Amino acid sequence: MLLIGNWKTYVESRTKAKALYAAAKRLAARGHHEVGVAPPLPYIGMLTPTRPGKRAPKLVAQDIFVLDGAVQTGAVSVAMLRDAGVTHAIIGHSERRAQGESNERVAHKVQHASTQGLIPILCVGELARDADAAYLAVIREQIESAYQSVEPKFRHAIIIAYEPVWAIGTGAVITPDDLAEMVLYIRKVLAGVLSEDAAHTVQVLYGGSVDAGNVRNLSEGTGIAGFLVGRASSEVASFSALVQAAPRSHA
Ligand code: PGA
């Protein structure tokens, strides 16, 4: 599975960042899972990435700036991130969308990341579920709008992270049945923006209160390829326990 720790603003010291990264290296070296970490920007440049490979942790950006060649005070370019060893970028996280990031802006970022050589991890998710299933239209719109500006040759590499907002940081976890249904729905939407075959090979991750206690349940029979983990990734013990509890292959 692909297990990515999104440290958000939980990690606020270099010592802790180094300890978490060292743990990610040990966990990745075991070769049971692909492991990634998304540190806050000050720590990204401080961590020394090992040579990329399946047994090295991936360095992931929590967000990107779209500069298109402009010089901007306070920004960080994708070229800088890549130079620091970053290979993936979380885009459209609900905590960014809550700060006013629109589907249009997310689409621009996905396109920018793709053309600049980063693999986008596109976050989608509904604020709440309703009896009429209107939330499905929200997910469809988030996916379709993000793909439309990306050249077809870059579309296959995009990873989707399904993160229902009501489950993020709340301890409310989706049921495996609802998750399985959502993965199927996401693939149906993807079949409209990719070929049917390609839609089946896209990695779909889940995020929202995942921990060592629920990771196995959420993996089995749901079609999930991995997890984007917030709080439980911010301590060495809880992240290590989670990676060890994840089943080696998903069904
Ligand atoms: P959480 O966050 O695991 O703390 O719910 C997940 C995320 O926001 O990616």
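**Close-up 1. The buried residues of helix H8.** In this predicted model, the residues of H8 that come out as buried are Leu179, Ala180, Met182, Val183, Tyr185, Ile186, Arg187, Val189, Leu190 and Val193. Note that an arginine, Arg187, is on that list.

**Close-up 2. H8 from end to end.** The helix runs over residues 176–193, which makes 18 residues. From the first C-alpha to the last, H8 reaches 26 Å, close to the 26 Å expected at 1.5 Å a residue.

**Close-up 3. H1 packed with H11.** Here helix H1 (residues 14–29) and helix H11 (residues 236–245) pack with their axes 10 Å apart and an angle of about 15° between them. Angles under 35 degrees count as roughly parallel, and H1 and H11 are therefore roughly parallel to each other. Their crossing is right-handed. On the H1 side, the contact is made by Ala19, Leu20, Ala23, Arg26 and Leu27; H11 brings Val236, Phe239, Ser240, Val243 and Gln244. Sorted by class, this contact of H1 with H11 has seven nonpolar, two polar and one charged residues.

**Close-up 4. Aspartate 68 in its loop.** Aspartate 68 sits in the loop between strand E3 (58–61) and helix H3 (78–83). Is aspartate 68 buried or exposed? Its relative accessible area is 54% and exposed means over 50%, so aspartate 68 is exposed. Once neighbours within four places in sequence are set aside, aspartate 68 is in contact with His108 and His112. Alanine 113 is 45 residues from aspartate 68 in sequence, while their C-alpha atoms are 11 Å apart in space. Most residues other than glycine have a negative phi.

**Close-up 5. Alanine 133, another positive phi.** Which loop holds alanine 133? That would be the loop between strand E5 (119–124) and H6. Phi of alanine 133 is near 60°, again positive in a residue other than glycine. With a relative accessible area of 29%, alanine 133 is partly exposed.

Terms used: Residues are numbered from 1 along each chain as its sequence is written. This is a predicted model: local features need pLDDT of at least 70, side-chain atom pairs count only at pLDDT 80 or more; totals for chains, interfaces and linings use all residues. Side-chain values use heavy atoms; hydrogens and water are left out. Helices (H or I, at least four residues) and strands (E, at least two) are DSSP runs, numbered from the N terminus. The expected span of a helix is 1.5 Å times one less than its number of residues. Buried means under 20% relative accessible area, exposed over 50%, partly exposed in between (1.4 Å probe, protein chains only). Axes are lines fitted to C-alpha atoms, for helices over the stretch in contact, and angles run from 0 to 180 degrees between N-to-C directions. Angles under 35 degrees count as roughly parallel, over 145 as roughly antiparallel, 65 to 115 as roughly perpendicular and the rest as oblique. A crossing is left-handed if the near helix is turned anticlockwise from the far one by less than a right angle, and right-handed if clockwise. Contact means heavy atoms within 4.5 Å. Ala, Val, Leu, Ile, Met, Phe, Trp, Tyr, Cys and Pro count as nonpolar, Asp, Glu, Lys and Arg as charged, and the others, Gly among them, as polar.
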